[in-house]
Amino acid sequence: MTPTTKKVRSEIDKKSQPSKQVSQKESQGKNFSKQTSLGSRLLILVVGSALLGLGGLGYFFYQELLKGAKQEIEEKLSSQVNLIESKLNPVQQSVLGLAASGRLLNRQGIKDPEVYKQLVFEHFKTLNLAIAIGIGQAPNQLVPERKWYYPYFYRDQKDVKVDQKVGARLAAPNNNVLFSDLFTGDNYPEKDYYKQPVAAAKGLWMEPYEFYGISMTTYIMPFYNDANQLLGVVGADVNVTTLGETFGGSVISDAGYFTVVSSTGNLLTYPPEPPKAKNRESYQSIPELNSVWPKLQERSAGLVQTEGKFWAYRKVPSSGWSMIAVVPESTILGRVLLITVGTTTAVAALLTLAVLWFISNLNRRLKPILDECDKLAEAKGGALTVSKNEDEIERLTISFQNLIEQITTSEERIKEEVGQTVQAQEQLNQSRQSELEANLQLENEIGGLLDVVSSLEEGDLTVQAEVSDRATGLVADTLNRLREQLAEIIARVLGTAQQVASGAKDLEELARTVALNTVEEAQSVAQGQALTEQVATLAQNSVSQVSKANQSLLTVQATVEDGQIAINTLIEGITVLQKGTAQIVQRMKTLGEFVGLAEQFVQDQGQIASLTQVLAINATLVAARAAEQRDPKQFIGVAREFEAIAGQVNSLATQTNEGLSVLQQRTAQIQSVVSAVDAEVQNLGGLVAGFNIGVDQSQKAFYSVRKVTEQVVELGQNVTESSFAIADAADSTAKYIGEIASLAEQTASLTSTARLQAETIGDLAERLLQGIQFFRLPTYMLPKAEPKLIGTAVQDETSSEFALSHDS
Amino acid sequence: MNAPTLPSYSRYILTSLGEQTLVFGDVFVSEIILVERAYLLPLPFYTPALLGVIHRQGEIVSLTSLRRLLSDPNDLIPEKLTVVLLSKVAQDLAGVGLVVDKVQSSVSSEQYAKLRHQDLTTPYLQLEDLLPRIPAYIWQPQRWLL
């Protein structure tokens with residue numbers, strides 16, 4: 001390294017030290033501020049935006065849940081209203097039925113009060129929710145003899161105060177039923193429950209009222225005759241307290257209650273304070289209900305949220321009552337908020353965990369890179385410094401920029417060093433120039449020598465080098481002497497070469513002749529080879545043909561064996577067939593005998609039939625004679641004749657029976673024989689089929705034997721032809737081999753002549769080598785010793801050396 | 001026997017004689033028997049129509065072949081002969097056995113009249129018409145007829 005280079009290097013090192021100190025101080029805070037960290041910003045951005053989104057989603061979810069809860073409250077309320085309707089409608093139907101029955105009785109002219117009383121009782125027995133029912137006449141309408149008459153039946157209620165019992169108890173089994181005439185018991189014409197419906201001319205539900213200790217409501221309906229005259233009213237009573245107990249359950253999530261308010265605002269049911277409902281207090285007695293009452297009157301159904309509660313209301317169509325479902329807001333909102341906030345919190349936590357995991361993973365992967373950047377900044381330094389408020393990306397950017405700056409600085413330094421190197425090279429060139437002039441002269445002399453050498457190289461041995469007193473003159477003199485020696489030797493070599501050329505021509509002619517002979521021999525050999533191949537091919541064909549013939553013969557042999565087996569099978573079958581035929585013949589004979597016996601039997605039976613007929617005719621004749629006989633003695637004779645005829649008939653019948661039994665036996669025997677014959681025939685049929693198959697097989701075997709025989713004959717002919725061809729090829733091969741032998745003799749004589757020529761050339765080459773031994777050659781230029789051939793002249797192995805010294 | 005109109009009988013015995021139907025009134029028939037040829041005792045020197053005699057119930061009964069008598073004298077004698085024994089009503093021929101081919105049936109007079117009315121192709125021969133046709137020489141040996 002040059003001093004200049006060393007100086008530049010030290011200056012650069014000095015410059016880099018301050019920035020190195022700065023970067024070290026900065027890099028000591030490798031634990032960068034978490035506030036500026038990329039991960040922290042990412043966490044804040046992601047979680048913040050997610051929370052916003054979740055908040056919006058949660059709010060939307062909360063609204064939907066709230067809506068659903070309100071809908072559920074309204075549905076519950078609607079079902080309760082329908083329940084009330086379902087309980088009140090039967091009461092109205094009972095009243096309608098009783099009114100129709102009363103109208104009918106009046107139309108029919110029924111005036112007996114007991115009839116109307118019984119009518120009311122019959123309807124009372126069918127009541128369900130209603131506890132009482134009655135029919136009150138208009139003046140003298142139903143029962144003319146009375147102005148007012150109101151038969152009224154009701155069930156005994158536990159709420160009725162004992163000392164205010166109304167009416168008379170019926171006899172068992174209806175001893176829980178009481179009857180009263182409400183004119184005498186209650187003076188009904190002065191009561192609202194008579195006057196109001198009459199005035200309204202339609203059925204209506206009364207406001208709850210007290211009736212002897214019972215909080216009651218009544219459905220009263222006036223009824224008219226065909227002339228549209230008022231006949232009276234029909235009413236049914238319903239215990240409001242009992243009705244209210246039906247709606248004591250909660251509204252939703254075991255919270256809330258149902259309350260029923262009449263059309264005038266009186267409480268019918270109020271589960272939080274049942275006594276108020278029993279006392280039929282107004283809604284105004286309940287402050288929260290009082291405050292919300294105006295809103296409830298705006299429509300027939302709806303839901304209001306106020307006073308910390310949900311107020312769902314709906315009017316009962318038939319009675320005009322209002323049913324209100326009250327549910328605290330906390331019940332619904334708490335549930336909804338719990339679900340919403342819980343879900344949002346869970347999702348936010350999950351998201352935070354995911355982001356934190358990603359950030360830690362990112363920091364873990366960035367840390368090695370940042371450490372390397374710090375190390376690089378420490379080692380090399382830089383103009384830019386790392387600030388505490390910068391994140392990882394910014395730090396990487398700053399480190400990368402410092403690195404680029406360092407690379408630029410290094411490049412400038414390298415350029416300076418290269419300039420210095422060029423100056424040194426120029427000084428060296430000047431010193432070399434002075435040395436060149438001194439060598440120029442030397443070169444001229446050496447150039448002359450080189451010209452002479454080049455001339456020698458080109459083969460011009462007539463040139464001479466200039467001799468002088470210097471070293472180069474000595475070299476020129478030596479070169480001249482070398483040239484003279486070389487010319488002499490070359491002249492000698494030229495003469496020898498001419499002799500060798502002439503000998504070579506002779507050898508060439510001999511070699512040509514030998515080549516021709518060799519070619520002819522090769523052709524003959526090729527022809528002989530071809531013929532031999534042909535013979536081989538023919539022989540192979542013959543072998544293949546013979547093998548085929550063998551295979552065919554083997555096939556024939558197998559076929560003959562199969563045929564033999566089939567024929568043996570046929571012979572066995574024929575034997576069996578003969579036996580079967582003999583059996584069949586025997587059976588047929590037996591059958592013929594049986595048929596003869598049957599024929600004999602038929603003839604016998606025919607005779608018996610004829611005899612029978614004859615006997616019958618004789619009996620007829622005897623009977624005719626007997627009818628004409630008057631004399632008992634003659635009659636006895638006739639009777640004896642008749643007896644004889646009867647005996648003959650009996651004997652004939654006996655013969656017939658015996659003959660029939662014999663026939664039956666004969667028939668059975670015939671049947672068995674026929675079955676046996678049938679079986680034999682079937683067996684024979686199978687045998688015949690087997691014979692057919694055997695015959696087919698034999699036929700096939702003979703056919704295959706014939707075919708194989710034809711093939712064998714054809715193969716024999718082919719083998720014969722192949723043998724003739726082989727013989728011809730062998731003759732040709734012998735002829736060609738004789739030609740080859742004669743050519744080989746000629747080649748041997750020519751080869752001995754060539755050997756003599758080669759010995760002569762060898763002697764000439766020996767003399768030439770002796771002359772050339774004057775020159776000594778370096779060892780690597782000496783020709784390598786060739787392997788000695790048997791029968792050739794042995795070369796001298798002494799190395800030849802040149803007299804002229806030669807620098808290696 | 002020859003009467004301008006044949007008398008009617010309560011029953012008739014119908015027998016076959018070649019293609020003819022020979023009709024016997026029941027009063028003419030004593031008995032109908034079946035005789036095997038082995039039991040027949042031929043009488044030489046009598047006409048071929050007189051087949052021979054048999055022994056029946058202690059009496060000798062002669063058998064006359066109506067086929068030989070009316071058509072072919074050389075007609076073969078079957079193995080079993082159907083013989084109608086004539087009753088006393090036949091007077092001269094009482095007890096004689098007439099050999100027929102076979103007995104067809106025994107019918108009432110109404111049935112016989114109906115049969116005659118329906119079947120007009122089959123020739124019916126009454127016994128009364130047949131008896132006169134029986135020559136008297138058959139009852140005598142032929143040597144005395146030379």
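Colleague: Which residues of β4(A) point one way, and which point the other way?

Modeller: Before I answer, please keep in mind that this is a predicted model. In β4(A), Val177(A), Phe179(A) and Asp181(A) point one way, while Leu178(A) and Ser180(A) point the other way, and all of them are buried. The strand, which covers residues 177-181 of chain A, is therefore described as mostly covered, with 5 of its 5 residues buried under a cut-off of 20% relative accessible area.

Colleague: Which strands pair with β4(A)?

Modeller: Strand β2 of chain A, residues 151-155, runs antiparallel to β4(A) and is joined to it by 5 bridges; within that pairing, Pro151(A) has Asp181(A) as its bridge partner. Strand β3 of chain A, residues 168-169, also pairs with β4(A) in the antiparallel sense, over 2 bridges, and here Arg169(A) stands opposite Leu178(A).

Colleague: What does the side chain of Arg169(A) meet in a salt bridge?

Modeller: The side chain of Arg169(A) meets that of Asp156(A), at 3.0 Å from N to O. This pair links distant parts of the chain, since Asp156(A) is in the loop between β2 and β3 of chain A and Arg169(A) is in strand β3, 13 residues apart. Asp156(A) counts as partly exposed at 38% relative accessibility, and Arg169(A) is partly exposed as well, with a relative accessible area of 40%.

Colleague: Why can side chains pair like that?

Modeller: Side chains of opposite charge can pair when their charged atoms come close.

Colleague: And how many salt bridges are there over all chains?

Modeller: A search of the whole structure finds 15. One of them joins Arg107(A) and Asp226(A), whose closest N and O atoms are 3.0 Å apart. Arg107(A) lies in helix α2 of chain A, whereas Asp226(A) lies in the loop between β7 and β8 of chain A, so this pair ties together parts that are 119 residues apart in sequence.

Colleague: What about Asp371(A) and Lys367(A), how far apart are they in helix α9?

Modeller: Asp371(A) and Lys367(A) are 4 residues apart in helix α9 of chain A, which means that they are separated by about one helical turn. They form a salt bridge in which the closest N and O atoms are 3.3 Å apart. In chain B there is also a network of salt bridges, which links Arg67(B), Asp75(B) and Asp101(B).

Colleague: Changing topic to sheets: what is the strand order in the open sheet of 5 strands in chain A?

Modeller: The order is β10-β9-β13-β12-β11, with antiparallel pairing. The edge strands are β10 and β11 of chain A, each of which pairs on one side only, and neighbouring strands in this sheet are turned by 25 degrees against each other on average, if direction is ignored. Between β11(A) and β12(A) there are 6 bridges, and Thr306(A) stands opposite Lys309(A) in β12(A).

Colleague: Which helix packs on that sheet, and what does it touch?

Modeller: Helix α2 of chain A, residues 38-107, packs on the sheet and touches β9, β11, β12 and β13 of chain A, with its direction at about 35 degrees to that of β12(A). Phe61(A) is found in this helix, and together with Leu338(A) and Ile339(A) it makes a nonpolar surface patch of about 280 Å².

Colleague: Now chain B: which strands stand at the edges of its open sheet of 4 strands?

Modeller: The order there is β8-β1-β2-β9, with mixed pairing. The edges are β8 and β9 of chain B, and each has a single partner strand, so one side of each is left without a neighbour in the sheet. Helix α11 of chain A lies across β1 and β8 of chain B, running at about 35 degrees to β8(B).

Methods
Residues are numbered from 1 along each chain as its sequence is written. Chains are lettered from A and ligands numbered from 1 in the order in which they are written. This is a predicted model: local features need pLDDT of at least 70, side-chain atom pairs count only at pLDDT 80 or more; totals for chains, interfaces and linings use all residues. Side-chain values use heavy atoms; hydrogens and water are left out. Two strands pair if DSSP finds at least two bridges between them. Axes are lines fitted to C-alpha atoms, for helices over the stretch in contact, and angles run from 0 to 180 degrees between N-to-C directions. Contact means heavy atoms within 4.5 Å. Patches are made of residues with over 30% relative accessible area and no salt bridge: like charges are joined within 9 Å, nonpolar side chains (Val, Leu, Ile, Met, Phe, Trp, Tyr) within 5 Å. Accessible areas come from the Shrake-Rupley method with a 1.4 Å probe; for residues, only the protein chains shown count as cover. A salt bridge is a side-chain nitrogen of Lys or Arg within 4 Å of a carboxyl oxygen of Asp or Glu. Buried means under 20% relative accessible area, exposed over 50%, partly exposed in between (1.4 Å probe, protein chains only).
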